[in-house]
Amino acid sequence: GRNCFQFFSKQTSDRLEKEHAMCHALHSVLKNGNKDNQLCLQYQPLLNIKSGDTTECEALLRWKNHKGESIPADEFIPLAEKTNLIEKLNLFVIDEACKQQSIWQQSKNINMRININLSGNKIIFSKLLKRFIENVNHYNLNPNLFGIELTERTIHEVSKDTIKDLEQMREKGVKISIDDFGTGYSSLSYLKKLPITTLKIDKEFIVGLPDDKADHALVKAIITLGHSLNLDVVAEGVETYEQFAFLKKYSCDIAQGFYYHRPLPGNKISYLQLAA
Ligand code: C2E
Ligand code: CA
Ligand code: CA
Ligand code: CA
């Protein structure tokens, strides 16, 4: 139409159909308030390399659809980001993570910071921070029991007002991490502008350790960069002892990955700390 042509292959239309069905299904789950618990969070413990302690974890979203199929987060989250579903999804995650933290605090023997992934555009983002603060107040939680993870993509969407909100949160002890550091198309100037506490090295750079020369050089350089800016450095996707040993040798602060632990349901976290 309008003097334009578009070519659709069978493959493209199959993919679009699948995406459409996925959006529709996700939309109904959120509209029903997740009544049948299709969505839930799992928590992946992080290991402090120097002390050997586990004082924090990352909340990761899981979706089992009405047919009982698990849909990978890498598939449905980018899709939700393309539509307005991401706002509701993020709000769900914030509510759940705060509820879980409140349960852990009441149980008295779990003291684990929860790091929450937040994504979205300018408008969504300020709503998310509001909701987070409301929740922390509602459950009467110390904000230092939380961290937020932002990708370089989301950082582009952060307005001046939001930077102020982030600064206030950081003053109250909320950790602010740059997720998937080094994979976004981004200049490094945000490292000066935002109240960041932590760099998370993407697993893409960890996978080739310790042999791959480029990964070796990049990871060493990111650790040095982070430390010279007074930031903690987390390596994600650590799967082997050799990777772990490399990170320890170069003074990376925290390791996350299957080598230490897979993500667990919130009620399975307790034994970890009791065993520590
Ligand atoms: P991410 O934030 O980089 O999260 C780390 C991903 O690496 C998780 O995948 C985790 O399960 C996986 N992982 C952890 N250790 C290892 C390991 O040793 N080896 C390998 N190969 N993978 C490991 P997951 O849960 O599938 O999540 C994928 C992405 O989806 C996340 O990447 C994040 O970008 C997004 N995501 C997940 N949960 C949420 C959420 O609640 N909100 C938002 N906005 N995004 C989320
Ligand atoms: Ca993350
Ligand atoms: Ca990450
Ligand atoms: Ca990643």
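Both Glu149 and Asp179 are buried (under 20% relative accessible area; exposed is over 50%, partly exposed in between, with a 1.4 Å probe and protein chains only). Both residues coordinate the calcium ion (ligand 2). This is a predicted model, in which local features need pLDDT of at least 70, side-chain atom pairs count only at pLDDT 80 or more, and totals for chains, interfaces and linings use all residues. Residues are numbered from 1 along each chain as its sequence is written, chains are lettered from A and ligands numbered from 1 in the order in which they are written, and side-chain values use heavy atoms, with hydrogens and water left out.

**Calcium ion (ligand 2)**

- Glu58 (OE), Asn117 (OD1), Glu149 (OE) and Asp179 (OD) coordinate the calcium ion (ligand 2), at 2.2 to 2.3 Å.
- Donors are N, O and S atoms within 2.8 Å of the metal, or 3.2 Å for Na, K and Ca; water is not among the atoms, so sites may look incomplete.
- Along the chain, the donors of this ion follow the spacing E-x58-N-x31-E-x29-D.
- Helices (H or I, at least four residues) and strands (E, at least two) are DSSP runs, numbered from the N terminus.

**Calcium ion (ligand 3)**

- The protein donors of the calcium ion (ligand 3) are Asp179 (OD), Asp180 (OD), Glu236 (OE) and Glu236 (OE), and they lie 2.0 to 3.0 Å from it.
- Their spacing along the chain is D-D-x55-E.
- Asp179 bridges this ion and the calcium ion (ligand 2); the two ions lie 3.6 Å apart.
- Asp179 has a relative accessible area of 6%, so it counts as buried.

**Calcium ion (ligand 4)**

- Asp180 (OD), Asp202 (OD) and Glu236 (OE) coordinate the calcium ion (ligand 4), at 2.3 to 2.4 Å.
- The spacing of these donors is D-x21-D-x33-E.
- Asp180 coordinates both this ion and the calcium ion (ligand 3), and the two ions are 3.2 Å apart.
- Asp202 and Glu236 also link distant parts of the chain, 34 residues apart.
- Asp202 is in the loop between β7 (198–201) and α8 (203–206), while Glu236 is in the loop between β8 (232–235) and α10 (241–249).
- Asp202 and Glu236 are buried.

**Ligand 1 and its shell**

- The shell around ligand 1 has 22 residues, and the closest are Arg62, Asp179, Lys203, Glu239 and Phe258.
- A residue is near a molecule if one of its heavy atoms lies within 4 Å of it.
- By type, the shell divides into eight nonpolar, six polar and eight charged residues.
- Here Ala, Val, Leu, Ile, Met, Phe, Trp, Tyr, Cys and Pro count as nonpolar, Asp, Glu, Lys and Arg as charged, and the others, Gly among them, as polar.
- At least two shell residues come from each of β2 (56–64), α2 (73–82), α3 (85–107) and β6 (175–181).
- β2 gives the most, with four residues.
- An oxygen atom of ligand 1 is 3.0 Å from an N or O atom in the side chain of Asp179.
- A backbone N or O atom of Phe258 lies 2.7 Å from an oxygen atom of ligand 1.
- The protein covers 85% of the 800 Å² of accessible area that ligand 1 has on its own (Shrake-Rupley method with a 1.4 Å probe; for residues, only the protein chains shown count as cover).

**Asn115**

- Asn115 sits in strand β4 (residues 113–117).
- Asn115 is buried because its relative accessibility is 3%.
- The side chains of Asn115 and Glu56 make a polar contact of 2.9 Å.
- A polar contact is a pair of N or O atoms within 3.5 Å; within protein, one must be able to donate a hydrogen and the other to accept it, and residues adjacent in sequence count only if both atoms are side-chain atoms.
- Beyond its neighbours within four places in sequence, Asn115 is in contact (heavy atoms within 4.5 Å) with residues including Leu46, Cys57, Gly147 and Glu149.

**Backbone exceptions**

- Most residues other than glycine have a negative phi, and most peptide bonds are trans.
- Asp180 has a positive phi, near 50°.
- Asp180 belongs to strand β6 and is partly exposed, at 23% relative accessible area.
- Ser251 also has a positive phi, of about 65°.
- Ser251 lies in the loop between α10 and β9 (254–255).
- The peptide bond from Leu209 to Pro210 is cis, with omega near 0°.
- Pro210 is in the loop between α8 and α9 (213–228).
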